[in-house]
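Hello,

Here is the structure we talked about handing over. Please open it alongside this note, and then read on for what was found.

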Amino acid sequence: MYATRARQAKLEPFAVRPGIAERLGLPYMDGPLALFAGALAAFSVFTLSQSTLHDVPGSPNYFVDRQAVYSVLGIAGMYLLARIDYSRFRELRVGIYTFLCVSISLVFVFGFAARGSRRAFDLPFFSFQPSELGKLLLVLALAGFVIDGARNGSDRQRTVRYLCLGLAPAALVFLQPDLGTSLVYGAITLAVMYVGGVPWTHFAVIGAAIVAMAAFVLAVAPAIGTPLLKDYQTERLTSFLHPSEDPSDAGYQQNQAKTAIGSGETTGRGDRATQTRLDFVPERHTDFIFAVIGERYGFLGAAFVLSLYALLFWRALRIVTLSKNSYGTLVAGGIAVSLLFQVFVNVGMNLGIMPITGIPLPLMSYGGSSVIATFLAIGVLESIHIQARLSQRGRFAW
Amino acid sequence: MYLRSDERGPAVSNRLALRIALFGGIAVVLFAILFFRLWRLQVLDGEQYLAEAKNNRTREYRVSAPRGEILDRNGELLVGNRTSLALQVNPRKLPEDRAERRAELSRLAGLTHSTLRRVRRTMHEELKLAPAAPVTLRRDVGRFLVYYLQENQDRFPGVEVQRVFVRDYPNATLAAHILGNVGEISPEELKDPRYKGLQPGDEVGQDGVEDTYDSILRGDPGLTRIQVDALGQPTPNGRLVSKPPAPGESLRLSIDAEVQAAGEAALAERGQGAFVTMDVNTGEIIGLGSSPTFEPELFTRPLTQKQVDDTYRNPAAPLANRAISGLYPTGSTFKIVPALAALENDVITPSEPIYDSGSITVGGQPFQNAGGEAYGSVSMARALQVSSDVYFYTLGLEMWDTGDLQRTAHMLGFGQTPGIDLPGDTEGLLPSRRWRNQLFEEGKTDRPWSAGDNIQLATGQGDLQASPLQMAIAYAALGNGGTVVTPHVGKEVTDAQGRVLREFAPPPRRRIPIDPEYRSVILDGLHDAAQAPGGTSYEVFGGFPVPVAGKTGTAQRVGQADQSWYLVLAPYPDPKIVTAVTIEEGGFGAESAAPAALDILEAYFNKHTTGPAGPNGGSPG
């Protein structure tokens with residue numbers, strides 16, 4: 001791409017020195033995309049500032065301060081990534097993939113356990129959860145493999161290869177155990193394959209296999225005495241189908257979240273909110289932050305947030321179509337699906353129509369790894385956008 | 001067809017465009033699902049969830065209100081309250097471990113003389129209705145148990161002791177049948193609209209005025225609504241509503257404790273029986289008792305097996321209120337009824353004599369005077385004074401198919417519930433031609449109505465069944481000139497400061513025309529019976545300073561010794577009170593019932609020392 005620029009400079013002798021904005025690459029960025037992402041992060045900080053005042057005794061801004069810092073770091077990372085030509089990641093695919101698998105595996109050795117699951121490293125200033133960044137890394141690596149392997153082997157062999165490449169890290173994450181993230185990995189894998197053009201028939205077979213496996217894991221395996229999922233996982237996965245049966249167990253969280261959101265009515269209850277303020281809704285600053293928004297700001301607030309996600313997704317999808325090369329298309333597609341999947345599953349879980357899987361709401365849920373990784377992914381989208389614009393400009397200049 | 005890395009130009013091929021469009025379509029559908037679901041939850045069903053949320057974060061604790069006091073007509077305390085300690089279990093603070101929990105509950109069951117199963121069932125039932133609220137396991141626990149629990153608190157997490165109000169009876173058994181008792185509301189009562197708003201574990205009156213006037217005495221439990229977090233712990237400043245308990249209003253009875261005590265003592269020394277003392281003009285009950293009696297205190301704590309046997313399985317039925325629900329033949333005390341019926345219907349005049357030869361024979365069946373006496377030619381007053389059975393047999397025979405006797409008896413209240421403000425009053429049985437003939441038609445008896453039935457009825461025998469209260473009402477009607485009163489023990493309702501809020505003065509059931517001449521003839525006869533030599537109860541009342549009009553009764557009961565009756569109006573000739581006494585197996589009326597009535601009248605007139613105006617009216621006659 002630098003070549004493009006050089007050529008262009010040669011051909012426009014009268015061009016003035018590029019302005020500071022142009023040198024920063026700002027004119028070529030997808031402004032709305034960055035704006036929507038920033039707005040979501042800001043709304044997250046705002047929500048946390050109102051709802052977590054009493055969560056950590058003595059420091060009312062504990063979560064707010066940290067989330068703000070993560071957001072700023074994330075935006076900085078986004079900008080840096082946007083300035084890099086994403087196409088380089090294609091060449092680094094093997095390295096990226098190796099790093100992905102190794103970092104996830106290291107958690108088993110060095111990670112700290114939280115609630116029976118090892119997911120993160122405890123770094124001095126925050127805990128780093130490799131599987132969050134892994135969502136982006138998987139997209140970048142897998143897209144590279146798809147492009148590269150496009151001419152090797154039969155369709156079927158390729159499909160199997162991509163599946164194996166995608167499902168290996170998914171399996172690692174699943175063993176942490178982190179069911180939700182492994183599902184995101186699965187979704188990413190399927191998305192990249194989908195955009196990459198894997199035949200419909202293969203998807204049909206994969207779909208059938210998934211259904212068969214789900215049946216096996218949830219019903220057959222426990223029946224023959226070798227359950228693959230931990231009890232609480234099975235319960236979470238199925239409780240949304242019968243949420244009221246036992247309000248004190250798995251269905252409880254879902255019931256409480258639903259009650260909280262419903263009680264927000266149209267305009268929200270503001271500081272009169274009780275469900276999310278008095279611990280009725282668990283994990284309210286992370287997985288169930290949407291319930292906080294629903295109760296405090298009502299339908300207006302929740303619909304506003306959903307709209308921001310819809311717009312974000314629209315911009316991501318637009319970038320899929322704009323990309324200057326197939327690698328960009330695949331990467332943008334993978335990121336778009338990863339965002340859509342996480343938003344739908346998380347919000348659906350808050351609304352009681354999806355199982356509880358522990359997937360954070362991108363940019364809204366408190367957590368450094370998730371916020372920063374999501375911003376980095378947006379950065380990659382921006383990079384695809386910038387490169388597309390630059391190449392278009394070059395073409396027009398011709 | 002896979003994409004090629006070097007593909008350029010229009011960034012997307014047609015096939016890819018299709019896939020992306022499909023992808024966008026799926027996204028639109030997914031977002032639409034989320035939006036509609038959100039709309040449904042928040043806008044359409046929001047109200048319901050809001051209510052649920054409010055319910056979610058508040059806990060209501062009821063603070064029991066003390067029941068109102070019950071006083072006698074002079075303000076003497078009959079039923080009060082004392083505080084007692086109740087053992088409660090807070091289910092949220094019980095150990096989470098099942099085995100530990102079980103162990104603790106079974107230890108508790110042992111300490112409270114209960115079983116693990118019973119404790120569990122109590123908890124289960126109460127928690128179903130009031131989730132997370134403390135469950136009362138036992139009321140009125142002893143101090144030593146409380147000390148023990150406090151010293152071993154670590155072994156009994158979640159066990160709390162709370163102060164509750166318990167009924168207190170300073171006079172032990174006094175007026176037990178009138179007062180009744182309180183007890184935990186039963187599942188059936190909970191469904192009764194009368195007890196709307198009550199919860200399991202609440203106490204309601206179970207008998208006597210505690211039951212009749214429950215709504216007045218009960219009071220309103222206080223309510224503290226506390227905001228709690230998800231663990232059920234109160235939040236700071238989380239007290240939302242606090243309604244103090246409103247104590248029940250006090251009930252003042254028309255009972256006079258001294259008369260009541262005298263009546264009960266008089267019964268107690270003479271066996272099983274009952275008495276009623278009533279104001280003849282207003283129907284206020286001044287004393288009403290039944291023997292044997294019981295201690296209402298008994299019901300403030302769980303009964304032991306022996307106590308259950310003694311109260312519920314005792315053949316003497318101490319809980320039965322014989323004064324209002326005891327049904328007996330009344331013997332000669334009934335004679336005022338045929339007297340009144342015969343006079344009012346011109347069957348006989350006051351002075352018209354009937355020759356009493358000691359017996360009459362009707363339809364081949366002889367009817368004899370009690371004791372085989374013969375009084376010769378007797379008129380109305382004399383017949384009442386000596387209690388000539390033949391005189392009244394004759395009246396009964398005269399009226400056997402006219403229904404006059406039944407009509408008068410019915411007007412005076414026989415065969416109907418008296419409508420007293422106590423549960424359990426009965427209508428008894430007034431035998432009549434129609435009643436027996438109908439039974440006969442249905443094949444339930446061997447013969448139709450005959451003159452013999454009416455002859456028996458005229459002397460209070462045969463099929464007649466009446467309660468002491470019904471007799472008292474009939475005599476009161478005679479005494480007051482024809483008003484059939486509505487008897488009542490409730491006099492007025494007062495608030496905690498003693499101000500009268502409401503007075504009870506139920507209107508009389510009816511007024512019946514009684515010729516004053518006839519009334520005085522009958523009263524004269526009764527007065528002579530009590531206080532003129534030769535009268536049936538002269539030996540008992542002859543020396544009593546207050547002029548009275550009294551009638552003995554000796555009722556024959558199958559398989560039992562005679563039942564003793566006495567009905568007395570005082571003072572003569574303008575009675576204020578009527579007293580009815582009956583003693584089961586007490587022999588002749590003058591033998592046990594009349595002396596008991598004397599005790600009661602002495603207690604009454606000792607207090608009302610105004611005494612008889614003028615000289616003692618003990619005119620012989």
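**Chain A: overall make-up**

Chain A contains 15 helices and three strands. Please keep in mind that this is a predicted model. Of the 398 residues of chain A, 52% count as buried. Take the chain A contacts between residues at least 6 apart in sequence: 70% of them join residues at least 24 apart.

**Chain A: helix α8 and its partner α6**

Start with α8(A), residues 155-175. This helix has 21 residues. From first C-alpha to last it reaches 30 Å, close to the 30 Å expected at 1.5 Å a residue.

Now look at how α8(A) sits against helix α6 of chain A, residues 93-110. Two packed helices are described by the angle between their axes and the distance between the axes. Here the angle is about 10 degrees, and the axes are 10 Å apart. Angles under 35 degrees count as roughly parallel, so α6(A) and α8(A) are roughly parallel to each other.

Which residues meet? From α6(A) they are A:Leu100, A:Cys101, A:Ile104 and A:Ser105. From α8(A) they are A:Ala168, A:Pro169, A:Leu172 and A:Val173. Seven of the residues in this contact are nonpolar, one is polar and none is charged.

**Chain A: helix α3**

Helix α3 of chain A covers residues 31-51. At 1.5 Å a residue, its 21 residues should span 30 Å. Its end C-alpha atoms are 30 Å apart, which agrees. Buried residues in α3(A) are A:Leu33, A:Ala34, A:Phe36, A:Ala37, A:Leu40, A:Ala41, A:Ser44, A:Val45, A:Thr47, A:Leu48 and A:Ser51. When you read that list, remember the helix repeat. An α-helix has 3.6 residues a turn, so residues three or four places apart point the same way.

**Chain B: overall make-up**

Chain B has 22 helices and 23 strands. Of its 621 residues, 45% count as buried. For chain B contacts between residues at least 6 apart in sequence, 72% join residues at least 24 apart.

**Chain B: helix α10**

Helix α10 of chain B runs over residues 257-268. Its twelve residues should span 16 Å at 1.5 Å a residue, and the end C-alpha atoms are 16 Å apart, which agrees. Buried here are B:Ala257, B:Val259, B:Gln260, B:Ala262, B:Gly263, B:Glu264, B:Ala266 and B:Leu267. Their cover includes β3 (77-89), β11 (273-279), β12 (285-291) and α22 (589-607) of chain B.

**Chain B: a buried loop proline**

B:Pro329 lies in the loop between α12 (322-325) and α13 (336-344) of chain B. Is it buried or exposed? B:Pro329 is buried, because 25 other C-beta atoms lie within 10 Å and the cut-off is 20 or more. Leaving out residues up to four places away in sequence, B:Pro329 touches B:Gly460, B:Gln461, B:Leu464, B:Gln465, B:Ala555 and B:Arg557. B:Arg557 is 228 residues from B:Pro329 in sequence, yet 7.5 Å away, C-alpha to C-alpha.

**Chain B: backbone points to check**

Most residues other than glycine have a negative phi, and most peptide bonds are trans.

- The peptide bond from B:Ala570 to B:Pro571 is cis, with omega near -10 degrees. B:Pro571 is in the loop between β22 (563-570) and β23 (577-583) of chain B.
- B:Tyr572 and B:Pro573 are also joined by a cis peptide bond, with omega about 5 degrees. B:Pro573 is in the loop between β22 and β23.
- B:Ala175 has a positive phi, near 60 degrees. B:Ala175 lies in the loop between β5 (159-168) and α6 (176-179) of chain B. With 28 C-beta neighbours inside 10 Å, B:Ala175 counts as buried.
- B:Ala317 has a positive phi, near 45 degrees. Its place is the loop between α11 (305-312) and α12 of chain B. With 17 C-beta neighbours inside 10 Å, B:Ala317 counts as partly exposed.

Best wishes

Terms used:
Residues numbered from 1 in each chain as written. Chains lettered and ligands numbered in written order. Predicted model: local features only at pLDDT ≥ 70, side-chain atom pairs only at ≥ 80, totals over all residues. Axes fitted to C-alpha atoms, helices over the stretch in contact; angles between N-to-C directions. Helix = DSSP H or I, 4+ residues; strand = E, 2+ residues; numbered from the N terminus. Parallel < 35°, antiparallel > 145°, perpendicular 65-115°, else oblique. Contact = placed C-beta atoms within 7 Å. Nonpolar A, V, L, I, M, F, W, Y, C, P; charged D, E, K, R; others polar. Expected span 1.5 Å × (residues − 1). Buried ≥ 20, exposed ≤ 12 C-beta atoms within 10 Å, placed from the backbone.
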